[in-house]
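Have a go at each one before you read its solution.

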Amino acid sequence: LNATIWLLLAFVPSVSPHSLNTSNSLLWGAYRPNLYFGLRPQIPQSLMTGLVWFGTQNYQSFAKARHACDQGDGLDGYTWTQFDAREGGIQVLNDSQNNVKITTELLKVAGGEHGGSWAARIKGEPINKEQPSRTSFVFYAGLEGMGGLDLETDEDENGLDGPVVFTGSTPELDDFTIRIVDGKTHYSSFRVPAGNIWQAKEFIIKDIVQHAEKAVQSVENGANLLPDPSKQLFAVQKLFDGKFQFDVFFESRSAQNNLSSVTLDEGIAALSTSFTQRFHNIFPVPESPKRDALDAFSQAITSNLLGGIGYFYGTSIVDSSFSYEWDDDTSPMDGDDDDKQYVAKGPHLTEPKALLTATPSRSFFPRGFYWDEGFHLLHIGEWDNDLSLEILKDWINLIDDDGWVAREQILGEEARSKVPAQFQTQVPNFANPPTLSMAVTAFINRLKRHAGPTDRDLGLDFGTGNSQVPLTASRTSYGSHYLEDRSLALSYLQRTQRGQLKQYGRKARSRREAYRWRGRSEKHGPASRRRTALDLLSWMGFFSRTMKDIAEFVGDEQDKDYYANIEKAVIDNIDDLHWSEESQMYCDVGVDDDDESYHVCHKGYLSLFPFLLSLLSPDSPHLGPVLDLLRDPAHLWSPYGLRSLSASHPEFGTGENYWKGPIWVQMNYLALQALHQVSMQAVRSDWYMLYFIYRPTLRTKDLTRTKRDQSIENSVRT
């Protein structure tokens with residue numbers, strides 16, 4: 001897959017005129033999604049900003065200062081209502097405990113040679129106008145790595161009236177200025193250990209407490225309190241009573257911008273109008289009585305996905321020697337010692353890596369997840385193909401020489417601070433479904449779809465500027481370089497997750513295509529190397545089909561035939577190994593006490609996998625029973641989408657209730673996509689109608705549930 005992706009990237013030379021991760025329009029962003037509002041560039045060690053706020057009505061409010069997204073903060077919701085990674089966006093945060101509704105606005109201003117400039121507005125008003133709303137907001141800027149940051153405004157122990165100006169410079173950003181305007185300001189500066197800017201809140205809160213204590217003493221002995229300016233973390237504090245607003249401007253010297261409040265007034269209005277027009281063009285919302293609500297919901301879902309994109313850099317923890325006892329295929333005495341490759345014993349830190357990625361949840365999962373990212377990129381790619389390619393490229397860069405990429409990308413201390421210690425270590429033997437192959441397939445389809453005139457050619461780009469460079473594709477000499485290296489990701493799965501096929505009376509047309517998940521713990525069911533997994537075999541069929549489609553796209557007939565043979569072998573074995581005639585469903589395969597294979601059947605997403613990944617032909621004799629199971633309300637069908645486990649199953653909703661009933665949007669998307677294909681090729685009228693019944697029901701109920709929950713921050717995953 002590694003070589004394949006790089007080949008496909010070469011097919012779009014005009015998409016990103018600059019090197020991908022330093023393209024001006026994407027260098028800066030809200031790339032600290034774990035914070036309520038945090039900005040940084042796609043540079044490993046550079047300038048980072050953040051926002052801290054708390055109520056001033058009592059000490060309890062001060063002790064609950066807000067900074068990192070945390071469900072324990074009790075916010076009523078925080079939602080990007082509109083967001084574009086190249087332009088900026090609008091976020092609304094409702095903090096009823098402090099009686100304040102906060103709006104953060106970000107406007108990116110192109111220009112210069114170092115990523116452009118940006119402007120941010122933080123404003124608020126009481127939620128309940130009959131009650132007091134006294135708040136303190138702290139905006140901070142900290143610098144990691146090479147460079148400097150200094151306060152230019154003259155110091156005053158009684159606070160600063162008027163704009164507060166900082167100047168700075170780094171090798172990547174060159175010279176820049178930061179201005180905070182409107183209202184009186186207090187500020188502090190800190191000397192922070194390298195790599196600890198992410199802990200800014202702790203330094204700031206501690207400083208406020210100490211400053212308050214010293215202020216009392218200064219009144220008594222006449223001492224002056226002025227911060228030490230020779231630090232790399234600066235914080236400015238503002239106190240408000242009721243409605244408020246202040247602006248922050250970052251101006252790159254090479255851009256020669258002169259930003260002002262008028263820039264934000266006009267720019268945010270234009271951004272909002274442009275976003276809405278472009279959204280309706282890309283994701284049109286059909287007419288219905290609930291159209292306005294559905295439109296706002298759809299824009300917010302898209303915006304939260306884009307606003308949840310983060311840039312992460314740092315080491316990760318890997319244990320290449322770990323294996324469950326039931327997973328270990330070889331004895332320590334197997335093979336010759338001279339032929340064995342040295343494997344470090346125990347967890348160890350890797351070399352630092354960088355990753356631009358969407359995140360499943362800003363509060364609970366603010367990091368990259370391999371499984372989720374394939375789904376994320378489907379939607380991101382429709383909105384901004386080039387952005388999806390940047391993200392995809394970073395994920396491909398994480399694949400090691402064996403073809404493995406960790407399922408969770410916990411890069412650096414800030415990311416690790418959100419993960420319990422027992423879950424921080426990643427194990428190379430533990431694989432994940434190859435969902436990125438979905439993103440590759442979608443990319444190819446977009447290239448085909450955009451082969452004609454672009455929106456810009458037709459005058460339909462609605463003035464979105466540099467939001468999306470037109471797609472181009474040509475079959476040139478790149479085809480000769482196709483798959484020069486082996487498909488690492490596919491061969492990794494074939495090598496490490498291979499199932500036992502020749503034992504236990506198993507009969508199948510292919511003697512190679514059977515798989516099982518290594519790393520499956522006993523709490524997730526019987527853990528055995530002898531078990532074969534239906535879902536993984538289905539993913540391998542989907543993966544090989546993707547590789548076949550890519551080979552066809554670039555005109556490589558030899559590789560096309562190679563992957564087509566793997567795909568056929570997988571589909572044959574899905575039926576031969578995993579179809580239970582007795583239960584009329586697809587099942588895993590286990591081994592009993594007599595070393596005989598038997599079907600392990602659970603009605604749920606697992607039993608639908610060959611259908612979900614569109615591996616069943618319209619004339620398959622098994623398609624009917626699968627669709628009957630899908631639409632049975634006693635099992636999977638519900639008013640809110642398909643359940644992950646049958647409502648009639650004895651373990652429904654019990655134990656670790658992750659896949660035992662909850663409705664997953666991603667799996668329902670796969671079902672909807674597969675049903676659409678069935679409706680286009682249906683051999684029975686009731687199959688044709690199933691898609692048209694399911695689609696509007698799922699859409700309306702998701703909207704209803706989200707409005708009830710009052711926040712869509714986690715809706716991308718839950």
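**Exercise 1: a pair of helices**

In this predicted model, helix 7 (residues 370-383) packs against helix 17 (residues 665-681) at an angle of about 55 degrees, and their axes are 11 Å apart. Work out whether helix 7 and helix 17 are parallel, perpendicular or oblique to each other, then find which residues make the contact.

*Solution.* 
- Step 1: start with the angle, about 55 degrees. Roughly parallel would need an angle under 35 degrees, and roughly perpendicular runs from 65 to 115. Helix 7 and helix 17 are therefore oblique to each other.
- Step 2: look at the handedness; the crossing of helix 7 and helix 17 is left-handed.
- Step 3: pick out the contact. Helix 7 brings Trp371, Asp372, Phe375 and Leu378, while helix 17 brings Gln666, Met667, Tyr669 and Leu670.
- Step 4: sort those residues by type, and you get six nonpolar, one polar and one charged.

**Exercise 2: one threonine**

Find Threonine 49 and decide: is it buried or exposed?

*Solution.* 
- Step 1: locate Threonine 49 in strand 3, which spans residues 47-55.
- Step 2: check its relative accessible area, which is 1%. The cut-off for buried is under 20%, so Threonine 49 is buried.
- Step 3: see what it touches. Leaving out residues up to four places away in sequence, the contacts of Threonine 49 include Arg32, Phe37, Trp118 and Tyr140.

**Exercise 3: the whole chain**

How many helices and strands does the chain have, and what share of its residues is buried?

*Solution.* 
- Step 1: count the elements: 18 helices and 25 strands.
- Step 2: turn to burial, where 55% of the 718 residues count as buried.

Conventions: Residues are numbered from 1 along each chain as its sequence is written. This is a predicted model: local features need pLDDT of at least 70, side-chain atom pairs count only at pLDDT 80 or more; totals for chains, interfaces and linings use all residues. Side-chain values use heavy atoms; hydrogens and water are left out. Axes are lines fitted to C-alpha atoms, for helices over the stretch in contact, and angles run from 0 to 180 degrees between N-to-C directions. Helices (H or I, at least four residues) and strands (E, at least two) are DSSP runs, numbered from the N terminus. Angles under 35 degrees count as roughly parallel, over 145 as roughly antiparallel, 65 to 115 as roughly perpendicular and the rest as oblique. A crossing is left-handed if the near helix is turned anticlockwise from the far one by less than a right angle, and right-handed if clockwise. Contact means heavy atoms within 4.5 Å. Ala, Val, Leu, Ile, Met, Phe, Trp, Tyr, Cys and Pro count as nonpolar, Asp, Glu, Lys and Arg as charged, and the others, Gly among them, as polar. Buried means under 20% relative accessible area, exposed over 50%, partly exposed in between (1.4 Å probe, protein chains only).
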